[in-house]
Every structure is written in structure tokens, then in C-alpha cells.
Amino acid sequence: MPYCTYSETARILGYSSRSTLYKVRKDGWLKPYEVSIEGRKYLDLHPRGHSPLDQYLKGILQWRPSNPIRKMNYMDL
């Protein structure tokens with residue numbers, strides 16, 4: 001799977017902005033998913049040896065009715 005920017009990842013996962021992803025990154029939770037290419041950071045949505053990013057986020061984020069990630073599995077797209 002190709003790498004995605006934070007904006008693309010937020011759109012794929014159904015978030016209206018990148019802020020949730022940036023908060024999770026700041027807290028250090030996205031290290032296995034980050035890829036740095038020419039000084040820019042990208043996210044690998046399904047890195048080898050780890051859960052898909054959407055499943056991982058479901059496990060670490062607090063459940064809320066408005067959280068779009070609880071409704072979808074991007075791997076089904």
C-alpha cells in the first residue's frame with residue numbers, strides 16, 4: 001500500500017481535520033506507522049508486522065459516538 005500524507009490519511013479515515021492524527025503523533029503513538037521520505041512524514045496505513053492503522057487507532061482512542069473511525073474499515077474500500 002502506498003504511503004499517505006496526514007491530510008490524506010485523515011480523509012480516508014473520515015476525520016474532518018488532521019488534528020487527531022497530529023495529537024496521536026505528538027504523544028508518540030504513531031512511530032510504527034511513520035515513514036520519512038526526503039524530510040516529509042507519511043503514514044503507512046498497513047505496515048508489515050503491525051495492525052492496520054484504522055484498527056490500531058480504534059484501540060488507542062477513546063470511544064465517542066461522533067468518532068468516524070468506529071464506523072468504517074478502510075481495508076474494505
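This is a predicted model: local features need pLDDT of at least 70, side-chain atom pairs count only at pLDDT 80 or more; totals for chains, interfaces and linings use all residues.

Me: Why is the pair of Tyr-33 and Tyr-56 called tilted?
Reply: The ring centres are 4.9 Å apart, and rings pair if their centres lie within 6.5 Å. The planes stand at 35°; under 30 degrees would count as stacked and over 60 as edge-to-face. The pair is therefore tilted. By this rule the count comes to 2 aromatic pairs.

Me: Which parts of the chain does the pair of Tyr-33 and Tyr-56 link?
Reply: Tyr-33 lies in the loop between α2 (19–26) and β2 (34–37), whereas Tyr-56 belongs to helix α3 (residues 53–60). They are 23 residues apart, and the pair links distant parts of the chain. Both Tyr-33 and Tyr-56 are buried.

Me: What makes Arg-25 a charge over the ring of Tyr-6?
Reply: Arg-25 is at 5.0 Å from the ring centre, and the criterion asks for CZ of Arg within 6 Å of that centre and within 35 degrees of the ring normal. Arg-25 lies over the face of Tyr-6.

Me: How do you know on which side of α3 the buried residues lie?
Reply: The buried residues of α3 are Leu-53, Asp-54, Tyr-56 and Leu-57. They cover an arc of only 160° around the axis, so they lie on the same side of α3. Their cover includes α1 (6–13), α2 and β3 (40–44).

Me: What makes β1 (3–4) and β2 the edge strands?
Reply: The open sheet has 3 strands in the order β1-β3-β2, with antiparallel pairing. Each of β1 and β2 pairs on one side only. As for the pairing of β1 with β3, 2 bridges join them, and at least two are required. Within β3, Asp-44 is the bridge partner of Tyr-3.

Me: Why is Arg-18 called partly exposed?
Reply: Its relative accessibility is 37%; buried would be under 20% and exposed over 50%. Arg-18 therefore counts as partly exposed. Arg-18 is placed in the loop between α1 and α2.

Me: How do you know that the side chains of Arg-18 and Ser-7 make a polar contact?
Reply: The distance is 3.1 Å, and the limit for a pair of N or O atoms is within 3.5 Å. The two residues are 11 residues apart in sequence and 5.8 Å apart in space, C-alpha to C-alpha. Leaving aside neighbours within four places in sequence, Arg-18 is in contact with Tyr-6, Ser-7 and Ala-10.

Definitions and conventions:
Residues are numbered from 1 along each chain as its sequence is written. Side-chain values use heavy atoms; hydrogens and water are left out. Rings of Phe, Tyr and Trp (its six-membered ring) pair if their centres lie within 6.5 Å; planes under 30 degrees apart count as stacked, over 60 as edge-to-face and the rest as tilted. Helices (H or I, at least four residues) and strands (E, at least two) are DSSP runs, numbered from the N terminus. Buried means under 20% relative accessible area, exposed over 50%, partly exposed in between (1.4 Å probe, protein chains only). The arc is that of the directions from the helix axis to the C-beta atoms. Contact means heavy atoms within 4.5 Å. A polar contact is a pair of N or O atoms within 3.5 Å; within protein, one must be able to donate a hydrogen and the other to accept it, and residues adjacent in sequence count only if both atoms are side-chain atoms.
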